[in-house]
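Dear colleague,

Please read them alongside the coordinates.

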Amino acid sequence: MTSLYEMDEQLKSIDWVLSENEDAETAEILETAKIELEKDIESKMESILRYRADCDGKIVAIKAEIDRLNKKIKSLSKKSDFLKNLCYSHLVSTGKQKADYGTWTLSIVKKPASVKLTDDADTFLPDCYCTISRTPNKTAIKEAMTDGELF
């Protein structure tokens with residue numbers, strides 16, 4: 001099967017020969033071939049556009065499925081968090097640090113508190129609690145190289 005690109009090249013060739021040729025019989029044959037080729041191109045373009053529309057439809061369907069699955073994940077995460085808190089509350093209310101329930105073992109683990117900082121924390125914290133990074137100034141390096149200060 002001929003590709004659209006090849007058909008376009010054939011059409012350009014026919015147009016070029018028609019512009020260079022002065023023979024009426026050859027021109028008539030080429031015009032007939034051109035009309036047939038344009039019909040084939042139209043048919044090929046319809047197929048391409050139909051396939052593109054199909055791809056676009058699939059994209060919409062897949063995005064909708066992704067949204068549905070993301071909502072499902074969010075819902076299940078909320079249920080899981082609720083059940084986790086329910087188990088924690090049970091252990092706390094019964095005063096147990098650890099309990100076995102069939103194949104499951106629950107325990108309350110003491111984790112150190114996480115540190116949360118505000119965006120401006122680096123302005124008031126001492127340097128010993130901060131990481132300082134150096135970033136090369138490429139503009140200054142380029143100027144120094146062109147001035148001969150750096151090689």
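The side chains of Arg 68 and Glu 65 meet in a salt bridge, with 2.7 Å from N to O, where a salt bridge is a side-chain nitrogen of Lys or Arg within 4 Å of a carboxyl oxygen of Asp or Glu. This is a predicted model, in which local features need pLDDT of at least 70 and side-chain atom pairs count only at pLDDT 80 or more, while totals for chains, interfaces and linings use all residues. Residues are numbered from 1 along each chain as its sequence is written, and side-chain values use heavy atoms, with hydrogens and water left out.

Arg 68 and Glu 65 are three residues apart in helix 2, about one helical turn, helices being DSSP runs of H or I with at least four residues and strands runs of E with at least two, numbered from the N terminus. The structure holds five salt bridges; among them, Lys 58 pairs with Asp 54, the closest N and O atoms being 3.4 Å apart.

The largest pocket holds about 240 Å³ of space, a pocket being, on a 1 Å grid over the protein atoms alone, an open set of points where a 1.4 Å probe fits, with protein on both sides within 12 Å along at least five of seven lines, and lining residues having an atom within 4 Å of a point; the volume is the space filled by probe spheres set on the points. Helix 2 gives the largest share of that lining, five residues.

Best regards
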